[in-house]
Structure formats: C-alpha cells, structure tokens
Amino acid sequence: MKLPALQQNCNNRRSNSFRATGPLDSSADGAFKSPAALFWLVLHGLCCLISLVLGFRFSRLIFFLLFSTTTTTTNLYTAAPILRTTADIAETLTFQTPPSSPSPLNLDTQSNQTSLSNSSSHVVVGRHGIRIRPWPHPNPSEVMTAHRIIERVQKEQRLQYGIKNRKTLIVITPTYVRTFQTLHLTGLIHSLMLVPYDLVWIVVEAGGTSNETADLLAKSGLRTIHIGFDNRMPIAWEDRHRMEARMRLHALRIVREQRLDGIVMFADDSNMHSMELFDEIQSVKWIGAVSIGILAHSGNSDESSLLSQKVEDEENLPVPIQGPACNSSGQLVGWHTFNSLPYVGKSATNIGDRATVLPRKLEWAGFVLNSKLIWKEAEDKPEWVQDLDTLAGDGDELESPLAFLKDTSFVEPLGSCGRKVMLWWLRVEARADSKFPLGWIIDPPLEITVPAKRTPWPDAPPELPSNEKTNDIQEHTEQRRAKTRVSRSRHGSRSKRKHESKIADSQLSGRHTEEK
Amino acid sequence: MKISVWVFVVHLVSGFALRIIAAELEQGQHTERISGSAGDVLEDDPVGRLKVFVYELPSKYNKKILQRDPRCLTHMFAAEIFMHRFLLSSPVRTLNPEEADWFYTPVYTTCDLTPNGLPLPFKSPRMMRSAIKLISSNWPYWNRTEGADHFFVVPHDFGACFHYLEEKAIERGILPLLQRATLVQTFGQRNHVCLNEGSITIPPYAPPQKMQAHLIPPETPRSIFVYFRGLFYDVGNDPEGGYYARGARAAVWENFKDNPLFDISTEHPTTYYEDMQRAVFCLCPLGWAPWSPRLVEGVIFGCIPVIIADDIVLPFADAIPWEEIGVFVAEKDVPNLDTILTSIPPEVILRKQRLLANPSMKQAMLFPQPAQPGDAFHQILNGLARKLPHDNSIYLKPGEKLLNWTAGPVGDLKLW
C-alpha cells in the first residue's frame, strides 16, 4: 500500500529523533524492498532537487494529493480526492511567511465532503496550516479592556483575601511653616494618597492655620481637618518635642469631641511610612506598637567628624530600632528604646544645628490606638485605659501613649512582633531663621544676585589700550557678536570655544573698561 | 395550644428565610458549588455503592516493571500505579469476587521508559493481551461477560490504542480485547476511535506535594493576563510546523508573540507555578495529544484554563461542568484569541474564578498519597458507581463469544 509506505517514511523520520530505541512495527521491514518504495525514493529525490531550485520545501504531500487515488479505510483519516487542486486547498487559508524559515506551502487537509461514515468529526489528523491573521499585532482598545479586566480581578481579590473589616484611619500630624515643611509634607501627602483605606487627616499647625499649609493640604485631595495651635513652635528640640506632644493631644480632643471612629496613628511630617504599615495597623484591637527605625543622622560633612564617626560605627550596632520587644512565644515583654548615651554632648539643641537630632525614648509615631479608647464613653472600652480628661489638662503633655494605660502589658506588638520595621523616624530641618520663598513661587524676581564662581566673566577685568571712537562702533557689533559667542561657548564644548571666549572676554572686558 | 402552633409556624418561616439568606450569602463568598451533568456529584462517597475485586497478577505485570524503573512513579502516567495502590487498601475492595461489581486488573502498561523518560507503547498490547489471557483462564469472571464488568487504567497518550502517533493509533484502534471493558484513560476526544462510549476520562498525574510547595498568598494580585510556557514548534519531529498541535500552537506564537498581554515563551522558569498563580488565563493547547497536565495545574492554581483542542473530552466530564469553568476556543479561532478573551464580561470571569476556587474542584484533579475524600481516585469510583447496576445483557450465554481473540496486527499476537 502506498499510503502506509509514505507514512512509514514520515514516521521513521519522526520516531528516529523522538524515541531513541524501540522496534518499529513489523510492517516497516518490508517497505524498503518493494518497487513502490523505490518509486517514492526517486520522487523524494526529485522533490529535493525542485526544492533546492525553488528555494522552499516542496512537500511530497502535494504529489500525494494530486496523484493518489486511494482513500483510507478508517473513518477520520480523510484524504482529498484527486480532483482537488492545490489552489483549491490553499485558498482557505490566510498565511504569511514566518520570517525565520522559508515559506512552505502549508496545506490544509480538511475536507468536509468525504464524510464516510455516520459520525465523523471535522478534526483531521495530518498537516494543517498555521493560521496567522493579516495584522498580528495588539489592538490598543483590547489592551485597555484587558487591563480593566485585570483591575476588576484584583479588586475582587482584595475584597476576598485582603483585610476583612477595613477601618478608617485617623492620622494626626503636627506641623508648622518652615523651609523644610513643603519637602516633608509633600512626602507624607503622597504616602497618604496611596493608602487604600478611608482616611481622616488631622493636621495641627503651630502658630495658627496658615495659607501655605492650607494650599498644600488642598492639593492632596484627602479629607483633612486643619486646626491651629496658638503657640509658635520653639527653637530648641526639647521644647519642640514637648510642643508636638501637646499638639497631638489637642488633636485627640478633636477625635473625642467628634467621636471619630477608626484607628488613630501619629504620622509626623518628616517620617517615612511604608505601605505595609497601613495594612498592618488594620489588625490592631485596642492599642498596638510598631517598630521604628531611627535615622538619627548627624548633619556634619566635616572631615574631622568622619573620623570620629568611623570609631563610632565600629562600636555601634546597625540603625537603632524603637519598638516592642517580644519573647520567643510572641508575647510583649518589654521595649527597645533609644539609647542616647553615645550622643551625650554631641546632640543638637536647636533646630537647624549641625549635629545629631535625637528622638525621645519612645516616639508617638510607633503607637496606634483604637479611637474608642479616646472617647468619653464607648461600649467595650477596657478598664485598663485611663480617660483623656483625667490624665491631661489643657497645658500638660504626655511622654507617649503608654501613659494612657494603667497596665502596659495590653499593648499588641504588630509587624510580626516588632521584627518588621515599616516606619522610619527622621528629623531634618533648616535653621529657624532661614528664608524661603512663600509658597515656593519666586515673585518678584530675586533681588539679591550672588556672584557665581564659574562664569566666563573674569572677576577682575584686565586693562586694554584701545581707540575710543572706533571702538564705539565696534563695540555694538562686537557686543552682539560677543554675546552670541559667549552664549554658544556655554552650550558648546568649552575646550573648543575657549579661544573664542577668550577673545570675547577680552573684547567684553574692553567694553567694560570703556564704560567705566 | 395556639401558642405552640404559632411557634411552629415561626420556625418554619425562619427556616426558609435562613436558607434563602444562606444561598444569597454564598453568591458573595469566594467559591461556588459545582454541579455537572450528572448532578452535584463531586463530593459523593463511593464507599458502599460499589465493590471492586482486584486480581492478583504475578509481579512481572506490575511490581517488577516498577522496580526496573522507579521514574514511573513521578511521570504524568503514574495514575495507573497509584490507582492500584489505592484500591488495594480501599474500603471498596472486596476479597470475594462473587459479590464484586467491578473487576480491576493491575497491569502497568505505561512503564517501559526510554532513557529520556518517555513511555514506549510497543510491548503494551502484548502485555495487556497476556494479562487478559491469564485472568480469563484462572478466573471465570472474564468469560462471563467478556470484560464488560472489568475496568482498566490506560493513561497513555491515546489510551488503549497504544501508540504515540495519532495516525498509527487510529489505525490500530482500541485493543480488540478491551472493546467491552470500561477504560479509565486520560485521552478524550469526541468521535475518535480511541475513546469508547462509556470510558472514564481522568486528569494526568501531577505531583500534589510539588504543587502545594509552590503556593503563594492568595492576595497576591493577578497581573498577567494570559500565560503559557511550552513548545510552539516541535523542531525535532515537525520542523516546518503544521503537524504538531495541528498548527494551533504555532498560530498562537505567530499571532501573539509581540502582544504585551500574552506572557508566552518556550523557556521553563523556576517560578513556573508561582507565575501561574499570578495569571488570569492559562493556555492549555493540544500538543501531540489533546490532553495536557496544564489543565490540572491551571485548576490547582486558580488560573482559568483556555482550552484549544477541538472536540476534546475533559476529565470527569459528567461531574464537572467544564464549559462554565474554562474557556473553549476552536483551533480555527486562534488568531482571534485576544478578541475572544477580552470580550468575556468581567462577571463571567469572576464566576469562573469562584468555581475554580472551590476546594472540591481542586481536590478532584489530584492523586494524593494517601488518598483523601473527593480526590481523583474517588471520582473514578464515583464514575464507576454511576454506571451501576450492570445491564443484564452484558452477561453472555454459555458458549457465546463476542470478542475476536485473533484480531489486530500480527505483532500483537506474539507472547509477552
């Protein structure tokens, strides 16, 4: 039978490379001896020659389809009858040359007519065409739809596997207008804008509410409560820390009065918060503590301090962490506080000093409270918490939220028991008297012009003997030329134009001397 | 008296209300019940519904073969070995063949491996024939029905056709001696010679521990739209393309290789399982055979399978409503795959994900050791139980012979 012989040759090729060993079917043995096989061998050689000439693989199947009169006996392996031409077969496809290999004539051996028996499927074994559409590139509107689908899927994932009861966050920030305020507050605004939960932001401003702060808050689009605190921010760090504590208490009174419900966290404007922090504090029940990384940097860039720093680095551990300390079974046993001994005498006293700024023993930022602890009356308010009013009068301040508790063992350590640091404490400030443009808009233009150190103009113009009259006319033309030359020398490479600029310099300086 | 009546009425009403509320609540949960054409049968317990007798064959049919090559325990055809082990210790096993509903013959036909690990099917017909000769001569139960109440596990590429090439498999057809038996196989394609009416399709074996070890937190957002890793052209055996996968895989590559939504490539990364869990759709196109372990992996990892294989019959098709869970794309529609997938409404996609999240769905695709309720072993037994009771016509009259013991290629008749 021609058909099995042909198949054998095909399959021999495939199976030889596919399976290493294995006796093939017995019918393969007789194939090479019959004259039919010899004919096919000759035909194969002929096709190879034709392929070499034409430049693509001329499949023997074309010959098979053109000249073969056999149809198979099995139901599904249907061969095209002789009358079908190659054109007929090829028209049903839209194909395109794959760039890597030369284009073969891919045949589609589908035939709907030869359905021999009762239930033949249209799935045919054999060589099929590779269907490629005319413009196989992404459609932008479909890409957009796909992205919307992905967003919807992710939203559903968040609903199902994310936090179950999403509580509102009440963020309390003390701030005041100063040079670095825009820097710090912008960072904090961007962090809060990314938080996926409902947010109420209570901003307490020392020295009363100001337009600068209000402008910044308005741009954020967050729900803010901007309140002023009458005293101005003091210059010394100690006093500033105490004032900030009072400002936070003031904000807590707002929470109490308005009975805001949610989780209270203290975000200082110069701190850095990671997004996992906001997810983690959702799990607090009453009062929780997180670990803070203290970035107490020294503002010095002098070389003398570098040496002393090196000595310190050898003694010091990595960045100090403030937060809850747990025993091996995950229970709170104590606190890691900031050790200020190495910095005795070297810390900054006033804001803007070029020395290390130290935090308190336990910073407020490391604690989160359930707002019900602050309320006057709440349903399941635990007994181990003291009332806000009884604790602090109007002028008093509290060291840290731990003062609220009669018993500090009820604090919940968050962030895998304080092992994960999701919050960093940093204080970077300019001097208290430093000036900065209001709203960071330069209007009117700056009046003070400071001489730049590296411009083409020399500091002291050299003297140039020249004729006054001719120079007047020359001056104007030279002025214009000199200006363009100088401007070009600024943009172009200095080495090339040095010669020209030097000429311009001398010319200009000539002008200066004339003007003088 | 009146009060008690009122109390009764109130209880009745509240009962109804609670049931309605529970049904509504289930819509908002992240799984959904699965019920196929046979009903809500995934969680049925086969124990007590059928009895299986396991023939004791000499170890040259099973244990010795396994000893020669222990790779048979981890490749995708390992279901035959694990089914045997499961049945030996299962409560459905009976030692009394008179009360058995089904008879199982443990012969490992897919364990003759090449150095690369691929099974050679050339001796399998002879092995099976020899096993059947043995059981027909030592026990009377084969001749009673000529195998109609026997079942065999044949997980090879084309089932009991015992060949890896489709044309040759079709030519051979199902082994004549197995024509009346129930075949438990991974291959399934409608109107195909190698799928008998009444066969049970099972998923290919995928190692459960390996997959569990690569699970990532379910809240990791799914950011890949379509994912596929595998060959598009089988350069060794079909260099031009067109034979392998009927050209469908090559069409996927040529149409979507520069589409940012399609993360498709031939490289097999170490994070393959993790990537599947970050994808919304996973392509499961046919290869040399229409079935693939990708379906199992997609179901376990919650990635909606996109099945590109015309007329394929998926595992446990009567228990699992695959049309509602996966997306079926005809091979001729592959160039429009992106349009098809993006035009599926998001609610439908979310529903498919809910169905996939159903733990009984995942369990039904696995072959865990030791067996757990609802796993693939139990689904096979459920499938066998659903075919009971046997019709009386399967019992032959004495002296009646329906099978032709000399049919088939000459090579099959040699002794094994």
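In the predicted model, residues B:A376, B:F377, B:H378, B:Q379, B:I380, B:L381, B:N382, B:G383, B:L384 and B:A385 of helix α15(B) are buried. The helix, which spans residues 376–386 of chain B, is thus described as mostly covered, with ten of its eleven residues buried.

Part of the surroundings of α15(B) is supplied by helix α3 of chain B, formed by residues 79–88. The axes of the two helices come within 11 Å and cross at roughly 75°. Classified by residue type, the contact between α3(B) and α15(B) comprises seven nonpolar residues and one polar residue, and charged residues are absent.

At the level of the whole chain, 15 helices and ten strands are assigned in chain B. Chain B has 416 residues, of which 58% count as buried. Among its contacts with a separation of 6 or more, 72% are accounted for by residues 24 or more positions apart. The accessible surface of chain B amounts to about 17,100 Å², and carbon and sulfur atoms account for 58% of this area.

Key: Residues are numbered from 1 along each chain as its sequence is written. Chains are lettered from A and ligands numbered from 1 in the order in which they are written. This is a predicted model: local features need pLDDT of at least 70, side-chain atom pairs count only at pLDDT 80 or more; totals for chains, interfaces and linings use all residues. Side-chain values use heavy atoms; hydrogens and water are left out. Buried means under 20% relative accessible area, exposed over 50%, partly exposed in between (1.4 Å probe, protein chains only). Helices (H or I, at least four residues) and strands (E, at least two) are DSSP runs, numbered from the N terminus. Axes are lines fitted to C-alpha atoms, for helices over the stretch in contact, and angles run from 0 to 180 degrees between N-to-C directions. Ala, Val, Leu, Ile, Met, Phe, Trp, Tyr, Cys and Pro count as nonpolar, Asp, Glu, Lys and Arg as charged, and the others, Gly among them, as polar. Contact means heavy atoms within 4.5 Å. Accessible areas come from the Shrake-Rupley method with a 1.4 Å probe; for residues, only the protein chains shown count as cover.
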